[in-house]
Amino acid sequence: MAAAVLATALATTPGTAGAAEAERLVVDLGTDTGAFHGGASGSLYGIYGDGVPSRTLLEGMHVRTVSTKAQDGPQHPGADALEILPPFVDSGGRDVYIYMTDIYRGFPYQWPGADGPARLADFKEKIEKQVRQVLTMGEYKDHVVYVPFNEPEGNMFGTGEWSYNKVSWLDDPRHYFAAWKEVHRLIRSLHPGARIAGPNTSVLYGQVEGFLRYAKANDVVPDVMTWHELSSPAAVRTSVARYRRMEKDVGVGPLPVNVNEYGHNYHLSVPGQVIQWVSAIEEAKIDADLAYWNIDGNLNDSAVEANKGNGQWWLFNAYGQMTGHTVEVTAPHPNQQYTLQGVATLDKDKRQARTLFGGKSGDADIVFENVDPEVFGTTVRATVQEIPWTGQVGDSAQPLRLADQEVRVGADGTVSLPMAGMNEMSAYQIILSPGGSGGAPAGPSVSWRKTYEAENATYTGRGYSKNGPEGSPQDVGRFATSGAYDVGGLRTGSDGVLAFDVEVPRDGSYDLSVFANSYNLYDLVKEQGPTNVFLRVDGREPRELRLPLGYKWVVWGHTDTTVRLTAGKHRITLAAQDPDLGVTRGDAIIDKVDLALRDEKVTAPAIYEAEYATLSGARPDYTRPAASGAGTVKLARGASATFWVYAPADGESTVSVDHLGGGRASLSLNGDRLDVPEAGGGRKGTHDVRLFLSGGINKLTVTGTSGTLLLDRLRVAPSGGTLVTRVYQAEDGTVSGAAEVTDAYLFASGGKAVTGVGKGKANALTIDVVAERPGRHALTIRYSNAEQAPATHYNPDPIARHADLSVNGGPARRVLFPTTFHFNNFWDLTVPVTLKKGTNRLVFTAQELPDFDGDTYNRYGQRSPYAPVIDRIAVTPLAQE
């Protein structure tokens, strides 16, 4: 079935003419609803440790709050509160909520003791230890919020085996209330001024009002009110309003609120679903954390590998760049899930309005009312972007630019933008800026596109299965799937062929993305890892594709390739056997294939306009007709513009800094100031620099150093030939102790890799590498890691292994490596290092990290003593003009 092509023709007209028949999302720029809060970007168990995910991903997603386990808790591997606290805060995070109950194993929590009082006494001992640990964290401790109980009605003060007395506090609250008072006073006695959150119930029960009355009477009112919303965005608005009435009736507050679990599998990773939650959360001006249903350390299905983002990540990146005040948004079906919803801001100082919306397929008009001529003038510049769904483990490029054009404001102060062919799984962004002075509008960054659903393809051979419906509004516990169905049959021993009949408009190269999944722990998949299938076009040009792994079935990623097609009809096949290439090993399900024309719109450098960047100490200037886009940014000394730049893979890119002169500025990459000449000068020009960009997300910052540079934009394109990469196979290094060279992994480059590094410094890998000049270099490590701890419930518990990396005998730096889902599945991870000219010695070791006290160790195999399997090392200069 064909999906929508370009999502907007944008046949814009002033006023609202022609919009009456379409659904309308109305953005009233004249009705201020309060300062932008940004609280929807929180995460439960989303950070494993420093580097998983990368600090760049954290900062770029604008994660405001994180809820996580007690330090050294055995609930899950990683996510220890005091280990994630510094990197989170240093990446712009606000607060870490410590689930103090997660010092116990199991769910319900396995709370030891002969009776309720004994169990509470044990818990108080553990609370005291946790608080004393927090007090060692210096100024970071001010970013801690203690959560003494989690869903107490189903755990410690519920009716189950591990409860206080098998009586729910919802029926008899005496013991829970008394425990809350004791624990609250204990924490405050040890940590005066500590912030404490609760009651952290699974829903906002009516009994919470009684809890508030008791807390007020005993001077133990929480500093932050917390509960969970796992129903719908509508419930967020309803519950917050209900809670505000409660606290008003009781006479406390208003208190900050953190709904520290929200969303379901069906919603997470899908921009068109999550924007509906975001709009409700932002309207309520609260904090909220995405629910933890799967693996920790991936920002709740936002992060891919260590440094890549999917569509959900880009949605939160756009949301976090909103500034100013929110304005009233009236949806065609207000507060109704699975319909078009949105959130919008107006920043009068920046003279920008931003609107994020989605949740509906088809057409709609986005209508802006009360467009202030003192802010925008009589013409606006409208930039329209799409943030597509790319699966839970599918990397996403930057948002697609669908349109960029000047639009006259109607006499009634309105602008109407017709959106055609929207996809309900995508989110969309419109940025309005003053028009009339900027450069020529940029063309779309995307051309012809079409989606072909696997369930509509032709299958021949044995083993076919049509699976679904998968996730739906009626079954939110299951994962979202394009078209609701997927197809199985391509597996070991199969002769199946899945054929897609496609038709394309012109001769050319086409990007082909196969959305697929193999469950990493399924028997047929465990044998090899990535399932291999065979692609042909019209029966010719065979090639082998390796399909993505996931932590469960129906967890979608995509494998990408390019095909050459002539105008007209073609048959694209995915087969389990190929007479020239071999047979499939594994088992895969296929969701869809996306086909997109790879023309000059797609291959042109990506454009990042300065006026849309994250600005510090600077404002846009819309008076420069020589600029591209709507305007420029004036960068005086110390002022900066930060861009979140995408790279499809680790390697060289050319970054072109376009400017109108007036001053100079330095460049920084992921916080590293680059050793290259400053950009700028006295006149308009372009400063080209070759940078090593990590695959996924890169933080590029331009900072004024002298004069006032008029920064126009960045243009970024993959390149090669300037930054010379030297590659070293791990097996050519020196192994010591139990470390050894292995040929057990088929997909290792050259068929060999090094394993067994770790469990003590004696078991090491040493590699000598050569640098042509001194300075910062990118060290790219190709590795695999599939270690997994025994889980106690529905969360898979993969372990992030680590390597302690020493350069030229210096202090070791600990590098975390997220799971690759199989030891025969290799990924790249890049870390910056400083090298001297000539030969440099790299030593990789590993040993198990002890608990916070330094004397004890995890009893459940949740901290690995090993480094990952190391395949090869690549060394590349970080930058060169």
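Mentor: Let us begin with Arg401, whose backbone nitrogen lies 2.8 Å from a polar atom of the Ser445 side chain. This is a predicted model, in which local features need pLDDT of at least 70 and side-chain atom pairs count only at pLDDT 80 or more, while totals for chains, interfaces and linings use all residues. Residues are numbered from 1 along each chain as its sequence is written, and side-chain values use heavy atoms, with hydrogens and water left out.

Trainee: Where does Ser445 lie, and with which residues is Ser445 in contact, leaving aside its neighbours within four places in sequence?

Mentor: Ser445 lies in the loop between β20 (427–434) and β21. With those neighbours set aside, Ser445 is in contact (heavy atoms within 4.5 Å) with Leu400, Arg401, Lys601 and Val602.

Trainee: Why is the pairing of Glu386 and Arg449 called a salt bridge?

Mentor: A salt bridge requires a side-chain nitrogen of Lys or Arg within 4 Å of a carboxyl oxygen of Asp or Glu. The side chains of Glu386 and Arg449 meet at 3.0 Å, N to O, so the pair qualifies. The pair links distant parts of the chain, with Glu386 in strand β17 (residues 379–387) and Arg449 in strand β21 (residues 449–453), 63 residues apart; strands are DSSP runs (E, at least two residues), as helices are (H or I, at least four), numbered from the N terminus.

Trainee: What makes Glu386 count as buried?

Mentor: Buried means under 20% relative accessible area, exposed over 50%, and partly exposed in between (1.4 Å probe, protein chains only). Glu386 has 5% relative accessibility and therefore counts as buried. Arg449, at 15%, is buried as well.

Trainee: How many salt bridges does a search of the whole structure find, and which residues are linked in a network?

Mentor: The search finds 44 salt bridges. Lys69, Asp72, Asp80, Glu83 and Arg863 are linked in a network of them.

Key: A polar contact is a pair of N or O atoms within 3.5 Å; within protein, one must be able to donate a hydrogen and the other to accept it, and residues adjacent in sequence count only if both atoms are side-chain atoms.
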